[in-house]
Amino acid sequence: MDTTLLFAAALQLPDSWRVSGVELRDGEGGRRELHIMIGFEPGSRFSCPHAECGREACPMHDVRNRVWRHLNFFRYKAFIHAGVPRVSCPEHGVRAVPVPWARPGSGFTLLFEAMVVELAKSQPVADIAEQVGEHDTRLWRFIRHYVDQARLYGDYTGVEAIGIDETGRKGHRYITVVADLAERNVICVVPGKDANTVKRFALDFMDHNGDPNRVTLVTCDMSLGFAKGIREHLPNAAKVIDKFHVIKHANEAVDKVRKTQAGRNPPLRRTKYLWLRNEEGLTGLQLETKHNLQKQRVKTGRARRMRETLQDIHATGTSRMQAEAGFQTLCSWMMHSRLEPMKTLARRIRRHWQDILTYFDHRCTNAILEGLNGIIQHIKTRARGLRNMDYFSTMIYLTRGKLDLATVTI
């Protein structure tokens, strides 16, 4: 079989295009490369590329030579060379004809881009760039293009319950991630963690057919900025302070008590996780150490029991009324404990009283976002920091946004 016919069939070229030659050449570092030359039949005419023009068989104006990186052929880097015709349209002037194997303006074929986008779901882009022998900036450019294009097809018409959480990077730069609690996927990533963050989400939400007035439930942390943004831009939403964040503040308070005591009681040093983990997660030796410290009537043990009571209220509270009674008793205990971190925690709970109790009306949490946060941290780790926050957002959408990439990569 003629080699050119074989490659023409593999590339699925339309009738107006043909493979005119295939050759192996020496590339960088002495590596061999496969170069595929594509042309068109002499005298060919093409339709005007303008989207609103139906004019066919426009005369050719000139030809511009282009090169695209293609999928490797066995161990060889592969490149496509073609003279891209520009046609002259009486109405729209001189315009370049789009080629069937690549996007306009791209230096890669569609198949190459699709492969890299798929690999980027599970591998660092820097590693992929090394594997394919390209600079990662070039890969990021088209990965972002496909993610941005796929997001245009997102439709959030029926979204009524969302979760909001922020994640930080070194240098105190933050992004806020918004998830659809029903579909369990990320629907928006915006910079910042204040009231304007919620405003930016609301605008993006409306761009995707979402209605801020139909959002009836938002789970989030105790951020005053989020609270202000929700009041202003999601006016009909009940705000639920996520129980995971309440427990997180309790853990921090318990550890502050331990640190205060550790200065005068050396055995408490390096025992942070003895007090923060549930006992079923401790080894036999850790349990013995913890019980021995408790026998000394350390204040940290008292703080830990308060934290466990808080967990029990969330776990066993069957109604808002029952939970409120439990919180009142707990806050009174903490305020009379003479443990300043626990008193601070009690004041924090009282400031967010109604929003914490709203959990018992809806039983919604940020569990999906807590799970996503672990994945997001992994994205940061595997990408060794992601020097660009736009890249960071792109990877979150790509891996957790349930985007329909088939709409833009096929």
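This is a predicted model: local features need pLDDT of at least 70, side-chain atom pairs count only at pLDDT 80 or more; totals for chains, interfaces and linings use all residues.
Reader: At what angle do H2 and H4 cross?
Author: The axes of helix H2 (residues 110-120) and helix H4 (residues 136-151) cross at roughly 85° and come within 10 Å. The two helices are therefore roughly perpendicular to each other, a term for angles of 65 to 115 degrees. Axes are lines fitted to C-alpha atoms, for helices over the stretch in contact, and angles run from 0 to 180 degrees between N-to-C directions. Helices (H or I, at least four residues) and strands (E, at least two) are DSSP runs, numbered from the N terminus.

Reader: Which residues meet there?
Author: From H2, Leu110, Phe112, Glu113, Val116, Val117 and Ala120 meet Leu139, Phe142, Ile143 and Tyr146 of H4, where contact means heavy atoms within 4.5 Å. These residues divide into 9 nonpolar, no polar and 1 charged.

Reader: Turning to the largest nonpolar core, which residues touch the most other members?
Author: That core has 54 residues, and those touching the most other members are Leu139, Phe142, Ile143, Ile162, Ile187, Leu234 and Ile396. A nonpolar core is a set of buried Ala, Val, Leu, Ile, Met, Phe, Trp, Tyr and Cys residues joined through side-chain atoms within 4.5 Å. Buried means under 20% relative accessible area, exposed over 50%, and partly exposed in between (1.4 Å probe, protein chains only).

Reader: How many salt bridges are there in the whole structure?
Author: A search finds 19 salt bridges, each a side-chain nitrogen of Lys or Arg within 4 Å of a carboxyl oxygen of Asp or Glu. In one of them, Arg69 meets Glu134 at 2.9 Å, N to O. Arg69 lies in strand E3 and Glu134 in the loop between helix H3 (125-132) and H4, so the pair ties together parts that are 65 residues apart in sequence.

Reader: Are Arg69 and Glu134 buried or exposed?
Author: Both Arg69 and Glu134 are buried.

Reader: What about Glu113, with which residue does its side chain form a salt bridge?
Author: Glu113 meets Arg103 in a salt bridge of 3.0 Å, N to O. Both Arg103 and Glu113 are buried.

Note on methods
Residues are numbered from 1 along each chain as its sequence is written. Side-chain values use heavy atoms; hydrogens and water are left out. Angles under 35 degrees count as roughly parallel, over 145 as roughly antiparallel, 65 to 115 as roughly perpendicular and the rest as oblique. Ala, Val, Leu, Ile, Met, Phe, Trp, Tyr, Cys and Pro count as nonpolar, Asp, Glu, Lys and Arg as charged, and the others, Gly among them, as polar.
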